[in-house]
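Please open the model in your viewer and keep a selection panel at hand. The tour below moves from one selection to the next and says what can be found at each stop.

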Amino acid sequence: MDSGSLAITVALLAAAITVASLLFGPKYDPKEPPVIHPKIPFIGHLVGLLRYGLRYFEILSTKYPIPIFTLQILGRRIYVVNSPDLISAVQKDAKNLSFGPFVSWMSPRILDVGDEAMAAINENTDGTKGLYGLVPEVSRGMHNALAPSDSLDWMTKTMLTKMGEYLDPLGANPEGTEIDLFKWIRTAFTVASTEAVC
């Protein structure tokens with residue numbers, strides 16, 4: 001195949017993909033956040049995520065400085081929220097914006113769980129059958145524990161006190177102390193936060 005035929009074939013293929021995405025692609029409700037279309041239909045955002053990881057969202061947020069937008073990746077919609085006010089509203093609207101499907105999708109990828117454990121994780125993830133199941137119960141427990149209260153004040157005080165035990169030795173030496181920062185943070189935060197919730 002000569003270069004002219006190859007160029008025509010590639011152009012026709014690109015045109016066919018574009019027409020197919022317009023005809024058969026997802027339809028959007030005008031009430032949804034604006035859609036950021038990828039340069040490559042169907043897989044463009046997936047390529048960006050594979051190439052840049054989670055930094056891809058930051059790249060798009062810089063390029064499109066709007067409070068919220070929609071990405072379409074392999075038939076799924078992802079809403080990216082950039083505004084602190086909207087983030088707060090999203091967190092408060094757990095009935096309409098659910099974290100459960102994300103937990104179901106990510107759990108087998110980050111945890112080594114069997115079928116029985118996945119069934120427990122997937123049980124009533126959206127909370128529509130009441131407040132039972134792993135996701136609704138953990139979510140309710142986190143919201144209750146982290147709501148402004150004497151309990152939260154106690155947890156914060158306990159964590160800060162424990163962090164002080166890790167920070168004090170660092171300031172004791174006037175010449176400074178050399179540490180492996182990652183290991184220090186991992187240990188200090190793990191112990192302090194665990195101590196605070198026990």
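Buried means under 20% relative accessible area, exposed over 50%, and partly exposed in between, with a 1.4 Å probe and protein chains only. This is a predicted model, in which local features need pLDDT of at least 70 and side-chain atom pairs count only at pLDDT 80 or more, while totals for chains, interfaces and linings use all residues. Residues are numbered from 1 along each chain as its sequence is written, and side-chain values use heavy atoms, with hydrogens and water left out.

**Strand 1**

Begin by selecting Thr 70, which is placed in strand 1; helices (H or I, at least four residues) and strands (E, at least two) are DSSP runs, numbered from the N terminus. Thr 70 counts as buried because its relative accessibility is 0%. Show its contacts next, contact meaning heavy atoms within 4.5 Å: leaving out residues up to four places away in sequence, Thr 70 touches Tyr 28, Pro 33, Pro 34, Val 35, Ile 36, Arg 77, Ile 78 and Tyr 79.

**The largest nonpolar core**

Now select Ile 36, Leu 49, Tyr 56, Leu 60, Phe 69, Leu 71, Ile 73 and Val 80, the 8 residues of the largest nonpolar core. Such a core is a set of buried Ala, Val, Leu, Ile, Met, Phe, Trp, Tyr and Cys residues joined through side-chain atoms within 4.5 Å. Helix 3 (55-63) and strand 1 (68-73) each supply at least two residues of this core, and its largest share, 3 residues, comes from strand 1. With Ile 36 selected, and again not counting residues up to four places away in sequence, look for its contacts with His 45, Leu 60, Tyr 64, Ile 66, Phe 69, Thr 70 and Leu 71.

**Helix 2 and helix 3**

Select helix 2 (residues 44-52) together with helix 3, whose axes come within 7 Å and cross at roughly 120 degrees; axes are lines fitted to C-alpha atoms, for helices over the stretch in contact, and angles run from 0 to 180 degrees between N-to-C directions. Helix 2 and helix 3 are therefore oblique to each other, given that angles under 35 degrees count as roughly parallel, over 145 as roughly antiparallel, 65 to 115 as roughly perpendicular and the rest as oblique. On the helix 2 side, Gly 44, His 45, Gly 48, Leu 49 and Tyr 52 meet Arg 55, Tyr 56, Phe 57, Ile 59 and Leu 60 of helix 3.

Keeping helix 2 in view, pick out its buried residues, Gly 44, His 45, Gly 48 and Leu 49. Seen down the axis of helix 2, these buried residues fall within an arc of 135 degrees (taken from the directions from the helix axis to the C-beta atoms), so they line one face of the helix. Helix 3 and strand 1 are among what covers them, whereas the face turned away from the buried side carries the exposed residues Leu 50 and Arg 51.

**Helix 8**

Finally, select Thr 156, which lies in helix 8 (residues 150-172) and counts as partly exposed at 40% relative accessibility. Thr 161 is also placed in helix 8, and is partly exposed, with a relative accessible area of 47%. From Thr 161, draw a C-alpha to C-alpha distance to Ala 196: the two are 35 residues apart in sequence and 9.5 Å apart in space.
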